[in-house]
Amino acid sequence: MSGDLAVDVQGVSKVFRDDKGREVQALHDVSFQVRRGEIVALTGRSGCGKTTLLRIVMGLEHPTSGTVEVDGEQVRGPGVNRGIVFQNAELLPWRTALGNVEFGLEARGLPKAERRAAAERAIELVGLAHAAHRRPHELSGGMRQRVGIARALAIDPAVLLMDEPFSALDAQTRENMQAELLEIHERTGKTIVFVSHDIDESVLLADRVVTLVPDPGRVHGVLDTAFGGSTSLDERRGSAEFALRRHELLQLVHGREIQQQDGVSA
Amino acid sequence: MTALADKAAPAVDDETSLSRRIRAQRRGGRDRLITAGTVVVLLIVWEVAARQVNPILAAPPSAVLQALISMIGDGSLPKAVWESAQPFLAGYLLAIVVGVPVGLLIGRFRVVEAAIGWLIIAGYAMPMIALTPVFMLWFGLGFAVKAAMVMTMTVFAISINTWNGVQNVPRTLIEVGTAFCASQPRILGQIVIPSVIPSIMTGLRIGIGKAVVGIVIAEFFTAIGGVGGVIVDAGHSFQPDRMFAAVVVLMLAAVALTGLIGLVERWLAPWNRSITGGAH
């Protein structure tokens, strides 16, 4: 049953304590599943707990109740079956691009030669072979995020988890990176879960979009947004399906039920 | 093969960084010209003004230069510099050896912070000059009192900057270590310490200025040897040219040492200047 599930989130709640010691419910009874090879977006307005939810899957936060399984294993902390891509890449400034990719492999205790080879493969996969020996400050924002993706891919995880990976990039670079992510997905077949507050991005990239609404953060609906076959981003953007799904997703994000475009207002 | 969708992007990035570098260079050339201009103007104003006053009160740059040459020629200045340099280096190195580990410990462990954090802040804020007479009682009039003054003037600046650096290690970078399952020692060695290097270097740079003050103060009080001793002697015997010559030497030494620290920093942490530096 769970054999084809890459991520299984069951009844996750999270209660934080704020500065004044008051309890704040960030997430309430959140459940969703991600199948192997799927791209799933978590989206919602700010304060809906989407990043907290992703951090729980990452193992960087612990749920107050509920369970998370990745690749059939219960999550109790960070693990090697998850490759994490941070919002601002978060590269070590004193290491080269290649050195940063190797960082994730070092904790694994692989022999040096094997490590180097895996890092080189990953950096080639994201198209940065020519810049492998540059330091982060010599790279553009887009290139830095490519290194971040390569670092996560190098450890060959079951799932790639990305926290608003392209939100810090300019519009042009963001579009390039979105196209590249789809290519990487096609090449590697990795399961990808990403958080985005960008409706367009969620519809364009994801096969399914999990929408959350705030106070407390909970799942409001899951929208099927898969475009059949390998359509390009431009084709997707120009399609009627895109406009319709975008509209539907907006309804969900704002906490309304999906209704026909020409329907009466709620 | 690559999955790169925008093959043109890296070239564009190179171009922008190149044009930025050219612009920075051009501006750097102009800035240097302005600096040289103000130096020349200052020297002329000083020369003209100093010629108007009683020669036992002030000396023009030309006289200072002559004094400098004669003091180097008769060996008195090199001897004084050497006398100052030894306790200076000893005190400064001692301040690094003590200050950096103390700063790291305070920054890393709350208990240590609670125990001795206040002491470092108090020591940094307090005018250490006030302790000179006591130090003379404890350490006498020679090498030891000078080294001790340099050390106490410098160690707090180094500690407080290191401490500050540890506290400012980006939490997200430590999270990268956690996320990729790095052990605690690995996080310390691969993330925390490299992150703190720029702050340590800032402490060392500020420390140079403080150490120079320390050595001069000690030599003023003890008035035995060293560049500070030369200044006191020249002042007492109404030889402003010799006095200013010694002051110029102190200034050049401080600037050179600060520059040296900058070079070491660039070598140890080449990424830092390019991130925080105002080259943009």
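1. Confidence. This is a predicted model, and its scores are ipTM 0.86 and pTM 0.76. For chain B the mean pLDDT is 85, with 88% of the residues at 70 or more.

2. Start of chain B. Residues 1–15 of chain B stay under 50 in pLDDT, and the model gives this stretch 24 contacts beyond four places in sequence. I would read those contacts with the pLDDT under 50 in mind.

3. An unreviewed UniProt entry places "domain: ABC transmembrane type-1" at residues 81–261 of chain B. In the model, residues 81–261 of chain B are 87% helix and 0% strand.

4. Contact between the chains. On the chain B side 24 residues take part, and they meet 32 residues of chain A. Four helices of chain B, namely α1 (9–52), α7 (171–179), α8 (184–222) and α11, each supply at least two residues to this side. The most come from α7(B), which gives 6 residues. Sorted by class, the side of chain B that touches chain A holds 16 nonpolar, 4 polar and 4 charged residues.

5. Fold of chain A. Chain A has 8 helices and 10 strands. Its radius of gyration is 19 Å, close to the 18 Å from the globule rule for 266 residues, so chain A is as compact as a globular protein of that length. The C-alpha trace of chain A spans about 60 × 45 × 40 Å along its principal axes. Of its 266 residues, 46% count as buried. Among contacts in chain A between residues at least 6 apart in sequence, 68% join residues at least 24 apart.

6. Cis peptide. The bond from Asp215(A) to Pro216(A) is cis, with omega near -15 degrees. Pro216(A) sits in the loop between β9 (208–213) and β10 (218–224) of chain A.

7. Positive phi. Asp71(A) is partly exposed, having 18 other C-beta atoms within 10 Å. In chain B, Cys181(B) also has a positive phi, near 60 degrees. Cys181(B) lies in the loop between α7 and α8 of chain B and counts as partly exposed, with 18 C-beta neighbours inside 10 Å.

Notes. Residues numbered from 1 in each chain as written. Chains lettered and ligands numbered in written order. Predicted model: local features only at pLDDT ≥ 70, side-chain atom pairs only at ≥ 80, totals over all residues. pLDDT = per-residue confidence, 0-100. Contact = placed C-beta atoms within 7 Å. UniProt positions renumbered as here; feature names shortened; annotations may be inferred. Nonpolar A, V, L, I, M, F, W, Y, C, P; charged D, E, K, R; others polar. Rg over C-alpha atoms; globule rule 2.2 N^0.38 Å. Buried ≥ 20, exposed ≤ 12 C-beta atoms within 10 Å, placed from the backbone.
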